[in-house]
Amino acid sequence: MFQAAHKEDFSDAVTVHTFKEYSVSGSINVSDTTKYRYWRYICPKPYRCNIAELMFLDKENKKLTGTIIGSEERSKNPHYSRSAAFDLDPLTFFASKTLRDGWVGLDLGKPESVGRIGYMTRNDDNNVRIGDTYELFYWDMDWVSLGKQIADDFSLTFHHVPQNALLLLRDLTRGTDERIFLYKDVKQIWY
């Protein structure tokens with residue numbers, strides 16, 4: 001879940017989002033317009049917190065910065081430190097020492113309103129990567145392009161995608177792992 005607080009110890013924490021099901025990456029819009037100084041991702045019990053990327057953005061979509069805070073790190077290796085959750089490298093990640101209530105977040109220095117939170121859990125770098133160029137195709141007796149986008153978030157939105165179409169997303173910047181998929185009832189189904 002994502003929480004915000006006025007107090008550093010989160011004793012007055014307000015939950016701004018709870019995940020109903022597992023999601024590797026994406027972004028959530030924050031409807032609470034209250035300004036909070038402290039923002040965090042807290043992992044589900046009884047799992048160790050493993051989060052690769054976090055971004056807190058204001059209402060104008062500007063990335064917020066601050067002092068990185070969180071529970072104790074599992075290792076002194078910088079690839080698993082709290083700062084790894086904010087380095088835009090999906091192959092590094094914060095790993096908490098504790099198996100319960102592990103968390104990582106930001107002290108923004110002053111109360112700020114957050115409009116959106118981007119996130120990516122620990123993964124093998126086969127997700128949308130900020131800065132990479134992507135092209136989406138649909139099948140119509142051959143692959144037809146629906147356009148290209150440079151990712152500025154951990155998810156992409158393409159418009160005018162035919163319903164019930166077989167789709168293929170290519171990362172034109174790096175990588176060759178590709179799988180066809182379609183959307184059914186607003187869910188992505190991989191083949």
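This short talk walks through one protein chain, from its overall build to a few single residues.

Good morning. First, the ground rules. This is a predicted model, where local features need pLDDT of at least 70, side-chain atom pairs count only at pLDDT 80 or more, and totals for chains, interfaces and linings use all residues. Residues are numbered from 1 along each chain as its sequence is written, and side-chain values use heavy atoms, with hydrogens and water left out.

Let's start with the whole chain. What are its elements? The protein chain has 14 strands and zero helices. Both are DSSP runs numbered from the N terminus: helices are H or I with at least four residues, strands are E with at least two. Read from the N terminus, the order is β-β-β-β-β-β-β-β-β-β-β-β-β-β. The radius of gyration is 18 Å, close to the 16 Å that the globule rule gives for 191 residues, so the protein chain is as compact as a globular protein of that length. That radius is taken over C-alpha atoms, and the rule is 2.2 Å times the number of residues to the power 0.38. Along the principal axes, the C-alpha atoms fill a box of roughly 60 × 35 × 25 Å.

Now burial. Of the 191 residues, 40% count as buried. Buried means under 20% relative accessible area, exposed means over 50%, and partly exposed lies in between (1.4 Å probe, protein chains only).

Next, contacts, meaning heavy atoms within 4.5 Å. Take the contacts with a separation of 6 or more: residues 24 or more positions apart account for 63% of them.

Let's zoom in on Phe2. Phe2 is found in strand S1, residues 2–5. Is Phe2 buried or exposed? Phe2 has a relative accessible area of 0%, so it is buried. Beyond its neighbours within four places in sequence, Phe2 is in contact with several residues, including Val14, Phe19, Ile28, Leu54, Ile117 and Tyr119. Phe2 and Gly105 are 103 residues apart in sequence, yet 9.2 Å apart in space, C-alpha to C-alpha.

Another phenylalanine: Phe137. Phe137 sits in strand S10, residues 133–139. Its relative accessibility is 10%, so Phe137 counts as buried. Which residues does Phe137 touch, not counting those up to four places away in sequence? They are Trp143, Val144, Ser145, Leu166, Leu167, Leu168 and Arg170. Look at Leu168 again. Leu168 is 31 residues from Phe137 along the chain, and their C-alpha atoms are separated by 5.1 Å.

On to cysteines. A disulfide is a covalent bond between the sulfur atoms of two cysteines. Here, a disulfide is called when a pair of cysteine sulfur atoms lies within 2.5 Å. How many disulfides does that rule give? The count is zero. Cys43 is in no disulfide, and the nearest cysteine sulfur, that of Cys49, is 4.3 Å away. Cys43 counts as buried, at 6% relative accessibility. Cys49 is buried too, at 0%.

Last stop: backbone angles. Most residues other than glycine have a negative phi. Look at His160. Its phi is near 60°, a positive value in a residue other than glycine. His160 is in the loop between strand S11 (143–150) and strand S12 (167–171). At 77% relative accessibility, His160 counts as exposed. Asn164 also lies in the loop between S11 and S12. Asn164 has a positive phi of about 60° although it is not a glycine. Asn164 is exposed, with a relative accessible area of 71%.

That's my tour. Thank you.
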